[in-house]
Amino acid sequence: MGLGLHPKVVEKTMMPFVALAQLAEELAATSSRLQKRAAIADAIAQVHRESVDEEDAGRFALYLAGTPFAEADPRKLNAGGALLSKALLEVSGATGVELTAAYKRHGDLGAAGFDLLVGKAQAAGGLSLVEVADAFAAMASARTTAVRAGLVEGLLRRASALEAKYLLKLMIGDMRIGVKQSLVEEAIAAAASVPVAEVRHAVMLEADLSLAVRRAFAGTLREARMRLFHPLGFMLASPVASPEEAVERFASVPEDEVEAVQIAAFLEDKYDGMRAQVHCGDPEQPGRVTIYSRNREEVTESYPELEEAFAKVTEVGEGLLGGSGLILDGEILGWDIRESRALPFAVLGQRIGRKRVSNAWREQVPVVFMAFDLLYAEGALLLGRPLEERRNRLEGVVERLVEVARSPLAVDERAKLPQGLMFAEPEGELVERLLLAPSRLVESVEDIERAYAEARARANEGVMLKAADSVYQPGRRGLAWLKMKRELATLDVVVTGAEFGHGKRAGILSDYTFAVRGPEYEKTGELLNVGKAYSGLTDAEIAEMSAWMMEHTLEDRGFFRTVEPLRVLEVAFNNIMRSDRHASGFALRFPRIVRIRDDKPVEEIDTVERVEEVYESQVDKPQSHADTAVEASE
Ligand code: AMP
């Protein structure tokens, strides 16, 4: 595979975008990871050698990974499926029906775009990487949708059908060529002949793939320094059904020996709130605080009281925290201040996603940050240190900060400064916003059993068990963290379609069809339906979902609409049966929605494999299709 450029070109050139599109096309047709890596490495090396613009090799790597901007770069394109489809219709002159048909063939707007443009008298192409980068920068700073749409149309007008295909995919943020960032990192290492671990480390510290390319070629990867204010991946837990299974996993012993072994694990309550990472205390950016949700989105403005409280960390930073910032991992909880305990998730849920938080919300649903891990402190990233040590240091940090990290229940809204709330005058009592999650060492099945019962008695969801000597693995669901939940059988699924309801729900999309990840998900984004449910959400949630789905309809079949697979739900059910009603080959019985999980990205929903596991674990497996009607009539 090559770039489609003449191999003997030695003069430096403007790197054309079509080189990227052609490589992407070849990568999509190759399943061998090794071949893909080699092809990407060759291409990056070639761009580095031949482009006049020294940032092109970085751009090339960044775009191939499907990201218009580096992760540390806060800019966003703000171009969703609706805007892009409209621009595509405008430029191609195709009808909505044609677009729907093309979309249906591929399930991908880029590929649909290619079909619509390829037959037409189309521009010859010839966009350069720099021109694409400039257009992206202009889109990010565009003040109106019209300006942004104009920029997209401008790009598409100048693009060949093949270029348009990959421009659209890139703007959506998903190339669907079976290339993940980790593979691009390996290719960068190969292209510059440097160790891949050094590339990965630099990317983790600086969150900038294109900068890593420049560093790799310049030999400065080791000079990368941790930057705050970009999210690190979250470590996740694997589910276990019983204390015995937990010990079995930790100690790697067969089931009949678990009673006899000793383990060293920390046990914490499993809180039912919103997982979050707090960055604060950077002496170079006094008062700056960012809070990230589990899908790596910044949610700071939804929690002004936490921002106010953590903004004060810089004040103590110099003397007490070794003069550097902090990264804390924990859970945002709605908090009953008088009773000193968490409010139910449903209460916090009403605040999640709100951008402007009035005093009424601050008072009705006060929030705290329950810290359970420390990822960065005193200028050092702590991910590689054992949990035991991180926990010790976390305790030290929280002890020093509890008194500082406070903010008022409500603020004097008239005193608000336009830049933010930080300097608003306190009104009334100050609330401690930073709490330390209680944790204790457990050693045996018996210990865990007791602690689990206690957590349940405190109305928490269950417990988390974390191996004392484990390192923090960002973005991984390993076996070092285990979760034991009350409701064993819940699945995280994504809504793929919806039906209009009846009676008071007539005209409202209220009956959802949902899917899990299929075996081909990594490659093609394959999602397979497993069920249908309508019960469990509040009227307000249903109304919001319905309006959202009207906006994000892919195909309108009258009574039923397929929708963009973006809304994640947690569903509970009584059991699972095999059924050919849905594409997954399984159907959930009596499914009910536990909650909307906008905090969870689609890439992390459950898989068909997991569905099969749960199916197999059932003592009484429902055998036949005879009762499939249950789901429909429920
Ligand atoms: P799940 O969302 O079911 O995969 O469960 C993992 C989630 O449990 C994390 O994303 C956290 O939001 C949550 N969680 C609650 N308590 C803890 C805890 N003590 N340690 C780690 N994660 C926790």
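How many residue pairs in polar contact does the rule find across the interface of domain 1 and domain 2? It finds 3, counting pairs with both residues at pLDDT 80 or more. A polar contact here is a pair of N or O atoms within 3.5 Å; within protein, one must be able to donate a hydrogen and the other to accept it, and residues adjacent in sequence count only if both atoms are side-chain atoms. Helices (H or I, at least four residues) and strands (E, at least two) are DSSP runs, numbered from the N terminus.

A word on the ground rules. This is a predicted model, in which local features need pLDDT of at least 70 and side-chain atom pairs count only at pLDDT 80 or more, while totals for chains, interfaces and linings use all residues. Residues are numbered from 1 along each chain as its sequence is written, and side-chain values use heavy atoms, with hydrogens and water left out.

Back to the two domains. The protein chain is divided into domain 1 (229–485) and domain 2 (490–631), with bounds that come from an automatic or database domain assignment. Taken over C-alpha atoms, their centres are 30 Å apart. Domain 1 brings 10 residues to the contact, and domain 2 brings 10 residues as well; contact means heavy atoms within 4.5 Å.

The size of an interface is often given as the accessible area lost when the parts come together. For this pair, about 790 Å² is buried, 39% of it on carbon and sulfur atoms. That figure is the accessible area (1.4 Å probe) that two parts lose on being put together, summed over both. Three residues stand out on the domain 1 side: R294, N295 and F345 supply 53% of the area that domain 1 buries against domain 2, more than any other three residues.

Across the interface, the rule finds 2 salt bridges, a salt bridge being a side-chain nitrogen of Lys or Arg within 4 Å of a carboxyl oxygen of Asp or Glu. R294 forms a salt bridge with E604, and their closest N and O atoms are 3.1 Å apart. Where do the partners E604 and R294 lie? E604 sits in the loop between β23 (592–596) and α22 (608–617), and R294 in the loop between β4 (290–293) and α14 (304–311), so the pair ties together parts that are 310 residues apart in sequence. R294 counts as buried, at 11% relative accessibility, whereas E604 is partly exposed, at 25%. The cut-offs are under 20% relative accessible area for buried and over 50% for exposed, with partly exposed in between (1.4 Å probe, protein chains only).

Now for salt bridges elsewhere. The structure holds 46 of them. Inside helix α8 (residues 145–158), R157 and E153 lie 4 residues apart, about one turn of the helix. Their closest N and O atoms are 3.9 Å apart; R157 is partly exposed at 45%, while E153 counts as buried at 19%. R249, at 33%, counts as partly exposed, and so does E245, at 21%. There is also a network of salt bridges linking R33, R37, E185, E186 and R200.

On to the nonpolar side. A nonpolar core is a set of buried Ala, Val, Leu, Ile, Met, Phe, Trp, Tyr and Cys residues joined through side-chain atoms within 4.5 Å. The largest one has 105 residues, and F17, I44, F60, Y63, F136, M171 and I188 touch the most other members. Helix α9 (residues 161–172) gives the most to this core, with 8 residues. Leaving out residues up to four places away in sequence, Y63 touches F17, L20, P68, L129, V132, A133, F136, L170 and M175. Apart from this core lies another, of 31 residues, including A309, A371, V397 and L401.

Finally, look at T562 in strand β19 (residues 560–563). T562 counts as buried, at 16% relative accessibility. Its contacts, not counting residues up to four places away in sequence, are T496, G497, H552, T553, L554, E555 and R557.
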